[in-house]
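User: I would like a close look at one part of this model, followed by an account of the parts around it. Please give the criteria behind the terms as they come up.

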Amino acid sequence: MAGRQPSLAILRPGRLVPSIWDVVVFGLVIGVLAMIAFGGHETVQPLAVANRRPLSLDPVNLPYYALRTTLRMLLGLIFSFIFTFGYGALAQKSRRAEMVLIPALDILQSVPVMSFATFTLAFFLNLFPGNVIGAELASVFEVFTAQAWNMTFSFYQSLKTVPRDLSDVSDSMRLGGWRRFWTLEAPFAAPGLIWNAMMSMSGAWFFVVASEAISVGKTSITLPGVGSYVALAILQKNLGAIGWAILVMLVVILIYDQLLFRPLVAWSEKFRVELSAASGLPPQSWLLNFIQRARLAQTIFKPLQILADRAVRLRSPVAVSTPRVVSEVWASRWVDYLWISVIVLASISAAWFGIGFVRTELGPSDVVATVGLGFITLARVLILIGLASLIWVPVGIWVGLRPKWAERVQPVAQFLAAFPNNLFFPVAVVTIVYFHGLPDIWLSPLIILGTQWYILFNVIAGATAFPNDLLEAAASFKLKGWAWWRKVALPGIFPYYITGAITASGGAWNASTVAEVVSWGKTRLEAHGLGAYIYNASVKGDMQRVVLGVAVMSAFVVLLNRLVWRRLFDFASRRLALN
Amino acid sequence: MPAAAAPREAHKTGEVLLDIDKVRQAYPRGPSNTLLVLDGVSLKLKSGEIVGLLGRSGSGKSSLLRIIAGLARPVDGKVTWRGRPLVGPSDGIAMVFQSFALFPWLTVLENVEIGLEPLGVPAAERRTRSLEAIDLIGLDGFENAYPKELSGGMRQRVGFARALVVHPELLLMDEPFSALDVLTAETLRTDLIELWTEGKLPLRSILIVTHNIEEAVLMCDRVIIFAANPGRIAAEVKIDLKHPRNRDDPAFRALVDDIYVRMTKPLEAAARAAQQAASAAHGGMGIILPDVSTNDLAGLMETLSGDFDGKADLPELADDLSMEVDELFPLAETLQLFGLAEIASGDIRLTESGRRFVESDVDQRKRIFGEQLLARVPIAALIRRVLDERPSHRAPYRRFSEELEDVMSEDAADETLSAVITWGRYAEVFAYDEQSQAFSLENPE
């Protein structure tokens with residue numbers, strides 16, 4: 001959009017000779033376009049052809065596999081954005097839609113991501129019979145389910161908190177819904193939305209890798225990608241190949257971060273509604289600086305800008321005005337009652353169907369057993385979050401209070417959080433087998449492997465934001481040792497810690513569906529737990545058990561959120577917020 | 001743009017632009033309660049005049065402005081704009097906001113231009129008209145700046161330019177200068193009045209909401225004084241002084257004093273009603289108490305006793321403390337409620353208890369305050385009585401908030417209890433634990 005550039009002065013007429021920035025940006029744009037074109041062509045081919053080119057563990061193929069994985073990520077991200085705008089806007093504009101959509105989102109968020117693939121694989125395969133595109137879509141859908149809920153929540157929250165004066169001014173100027181969306185609502189939501197998209201990337205990498213080689217009952221698909229490469233390496237017990245995969249993944253995530261998210265986050269800063277000078281340095285991105293400085297790039301982007309500009313200015317040619325009678329009837333309580341009864345009836349019949357489906361195979365004793373497994377996984381999640389906190393809270397505070405260190409450690413922690421740590425699982429298995437460790441205990445750390453970093457970088461953020469005057473006051477009263485931790489540091493970072501722990505807990509539940517059963521060649525390690533139950537059922541294609549397991553896990557997650565995390569969060573923001 | 005606007009004298013016809021007839025506004029509060037914010041407000045706005053709506057917060061003046069702007073619909077009554085019923089935001093009415101309401105992600109020029117888009121003005125004309133408006137309002141050279149790069153005064157100028165660019169006939173202003181520092185506000189006021197008197201503004205009338213009495217007298221041709229609970233018109237004052245007006249002019253001072261007296265009248269009536277209610281056995285629970293700090297109360301009494309010898313003219317006192325009506329009135333009202341001061345015809349005077357308070361030390365002050373609190377604030381007396389009667393000497397917050405909600409809205413009940421908690425803690429007549437949300441007698445006296 002015009003004027004979204006940080007400074008219009010760049011557009012002033014003058015030098016048209018390309019600068020060095022232009023060359024770099026040009027190469028980048030063309031390169032990315034070429035990669036997308038190449039990868040896209042490979043995607044749309046019959047399944048038979050895809051199967052004729054078997055995977056190879058030769059590391060030479062890895063960049064290509066990585067490209068395929070990355071494209072799935074990108075597609076998933078695009079779908080997530082589209083979904084977010086539609087769903088979030090609908091939930092905010094319509095009170096009746098909101099009644100259903102927001103709780104639904106809460107539940108969707110608690111369903112283990114991996115099981116979405118289990119449920120939808122057959123659907124996607126049947127959508128395009130005999131074509132690999134169905135399997136690709138299933139994998140993209142997995143990425144989508146790992147990101148979309150989180151992003152939608154963020155967007156919806158932003159829409160709900162649009163400043164009243166900006167909303168009023170848009171109304172009084174009669175901007176119209178479409179223009180208002182792009183002028184006010186989307187920009188206002190942008191910083192939160194982009195930040196959340198970046199945060200949920202970690203889950204997305206994890207599950208895109210996991211979804212490239214999955215089997216549900218008799219259907220099994222193998223899509224070319226880093227995930228399937230690792231799966232093959234596990235089957236063939238090739239530790240070297242796994243090392244290569246980890247290396248390539250590191251590079252890919254680094255590129256993704258630098259080329260996509262850093263620029264986006266830095267760019268979204270301008271949409272923050274704090275008119276006063278922000279504290280701390282705003283995020284920087286070298287790529288964004290390139291683009292903003294490169295004159296040629298500006299010229300290239302200009303047509304796009306003009307197009308976007310036109311699009312947001314579109315106005316419906318006829319003003320639709322509903323007669324007052326219609327709008328009054330529509331707004332009346334009776335329509336509410338009607339709507340609620342429709343929803344209730346629909347959910348009763350859906351639940352009836354679900355229970356009926358599960359009951360064809362399973363009885364009450366199965367339910368009790370599954371809940372029991374749920375408690376085992378719950379214990380695992382809580383204990384590991386406790387252990388991770390014991391380690392990372394002190395480290396985070398130490399680092400966060402030293403700006404030089406924080407500056408360096410923070411990106412590393414965020415990077416580690418984004419890394420699909422399931423690539424490390426084989427290494428863990430080899431170690432456990434070598435030391436004859438007990439799977440029930442030693443597989444447990446795997447569920448927190450990736451999500452512990454959320455605790456670390458949230459605590460670092462909290463300690464960095466800790467007011468200096470309070471620290472100096474504590475120092476002047478000679479508060480030291482345990483008293484200092486208990487009275488100053490821990491309460492100060494608690495709200496941040498809770499945010500990190502909530503994310504870590506959600507991630508850990510999700511990871512349990514992948515991490516409680518791990519194999520290495522023919523060796524298979526299995527821990528007791530709900531995650532393993534769901535995993536085994538989905539490999540067998542035993543949909544009844546999958547449904548039961550997923551239902552129990554959702555219930556556990558929702559209850560844990562409501563009864564523990566949300567209360568702690570409320571307490572933290574009420575009593576311990578530092579503003 | 002000046003060319004587009006007819007000289008002001010030409011449209012000083014007195015033609016009625018806006019006709020507000022018996023407007024009532026209420027908001028739902030809880031399932032069965034409604035909060036009445038405007039009751040039977042009638043007002044005519046004529047071409048060529050600047051009208052001020054003056055009142056304390058909660059008097060519904062901003063609600064009325066929102067109705068005129070088309071941002072809210074009254075529950076009852078008629079609003080006619082240029083002879084037609086007003087439904088929703090209308091052509092010819094533009095608004096300036098207290099908080100400026102600029103889009104932080106748009107430049108000054110874009111912020112101004114956007115107002116023209118919905119009117120279907122072609123791009124080229126949008127640009128020229130916006131540049132003209134920016135020019136007029138003195139923002140030359142800032143076209144490509146973002147709001148966060150501007151000072152508060154400059155931001156509000158953007159707000160004016162955005163409102164003026166659509167060439168409205170009526171300009172609505174919702175406390176447009178109250179977020180600015182004193183000097184900036186004064187510059188902006190005089191600039192605006194100058195443009196208006198020179199006929200450079202493409203406007204036929206201005207309606208300004210304010211709680212600053214001097215501002216109203218400085219700018220307006222007519223001041224409508226609002227009373228609160230429910231919001232209604234209490235008085236109307238015509239101001240015939242010539243622009244530019246001088247704050248030190250005796251006629252100006254007389255008008256300010258007159259408005260103070262008129263504004264304190266409902267205050268006196270309310271206080272009397274409160275005292276009568278308080279003396280009734282179980283009544284008096286319906287008074288909504290403002291959450292004012294005991295430090296401010298003590299400070300006001302000290303100023304009264306020290307600088308003014310126990311009796312002061314309210315405008316002078318406000319000037320001396322550089323306080324606005326909205327800040328000073330709740331304090332004065334609370335002192336009156338406590339029987340520490342009395343308000344009569346625009347003056348405030350310390351009572352005998354008030355004098356004793358000022359002369360006492362910290363512990364005695366607490367005791368005097370506590371005695372007055374229990375004697376004159378029924379809800380405080382109730383809390384103390386319940387705590388005394390219960391063996392545990394503890395009572396939950398809900399016990400009292402529910403009782404208050406029978407006679408007032410939930411928000412008002414919370415504010416009232418918050419005030420009582422502050423006062424009770426200061427006087428050490430009871431304690432309150434936020435975490436368990438309970439009153440107790442744990443560490444009083």
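How many of the 10 residues of helix H10 (residues 226-235) of chain A are buried?

Analyst: In H10 of chain A, 8 of the 10 residues are buried, which leaves the helix mostly covered. A residue counts as buried if 20 or more other C-beta atoms lie within 10 Å of its own, as exposed if 12 or fewer do, and as partly exposed in between, with C-beta atoms placed from the backbone. Helices (H or I, at least four residues) and strands (E, at least two) are DSSP runs, numbered from the N terminus. The buried set in H10(A) consists of Val226(A), Gly227(A), Ser228(A), Tyr229(A), Val230(A), Ala231(A), Ala233(A) and Ile234(A). Just past the end of H10(A), Lys237(A) has a positive phi of about 50 degrees.

This is a predicted model, in which local features need pLDDT of at least 70 and side-chain atom pairs count only at pLDDT 80 or more, while totals for chains, interfaces and linings use all residues. Residues are numbered from 1 along each chain as its sequence is written, and chains are lettered from A and ligands numbered from 1 in the order in which they are written. The scores are ipTM 0.78 and pTM 0.81. For chain B the mean pLDDT (the predictor's confidence in each residue, from 0 to 100) is 85, and 91% of the residues score at least 70. Residues 1-11 of chain B stay under 50, and the model has 18 contacts for them beyond four places in sequence. Where pLDDT is low, the predicted coordinates should not be read in detail.

Chain A also meets chain B: 20 residues of chain A are in contact with 21 residues of chain B, a contact being two C-beta atoms, placed from the backbone, within 7 Å. On the chain A side, helix H7 (164-172) and helix H8 (177-199) each supply at least two residues. H7(A) gives the most, with 6 residues. By class, this side of chain A has 10 nonpolar, 4 polar and 6 charged residues; Ala, Val, Leu, Ile, Met, Phe, Trp, Tyr, Cys and Pro count as nonpolar, Asp, Glu, Lys and Arg as charged, and the others, Gly among them, as polar. The loop between H7 and H8 of chain A holds Arg174(A). Its phi is positive, near 55 degrees, in a residue other than glycine. Arg174(A) counts as partly exposed because it has 18 C-beta neighbours inside 10 Å.

In chain B, an open sheet of 3 strands runs in the order E11-E13-E12 with antiparallel pairing; two strands pair if DSSP finds at least two bridges between them. E11 (311-313) and E12 (341-344) of chain B are edge strands, each with a single partner strand, so one side of each has no neighbour in the sheet. Neighbouring strands are turned by 20 degrees against each other on average, direction ignored. E11(B) and E13 (residues 347-350) of chain B run antiparallel and are joined by 3 bridges, with Ala312(B) opposite Ile348(B). E12(B) pairs with E13(B) over 4 bridges, also antiparallel, and Ala344(B) has Asp347(B) as its bridge partner. The hairpin of E12(B) and E13(B) has 2 residues between the strands, and Ser345(B) takes a positive phi near 35 degrees.

Next, a helix pair. H13 (residues 378-389) and H14 (residues 397-405) of chain B pack at an angle of about 145 degrees with axes 11 Å apart. Axes are lines fitted to C-alpha atoms, for helices over the stretch in contact, and angles run from 0 to 180 degrees between N-to-C directions. Ile379(B), Leu382(B), Ile383(B) and Val386(B) of H13(B) meet Arg399(B), Phe400(B) and Leu404(B) of H14(B). That contact has 6 nonpolar, no polar and 1 charged residues.

Finally, some single residues of chain B. Leu297(B), in helix H8 (residues 294-306) of chain B, is buried because it has 21 C-beta neighbours inside 10 Å. Beyond four places in sequence, its contacts are Val292(B), Leu331(B), Thr334(B) and Leu335(B). His243(B) and Pro244(B) are joined by a cis peptide bond, with omega about -10 degrees; Pro244(B) is in the loop between strand E10 (232-238) and helix H7 (250-279) of chain B.
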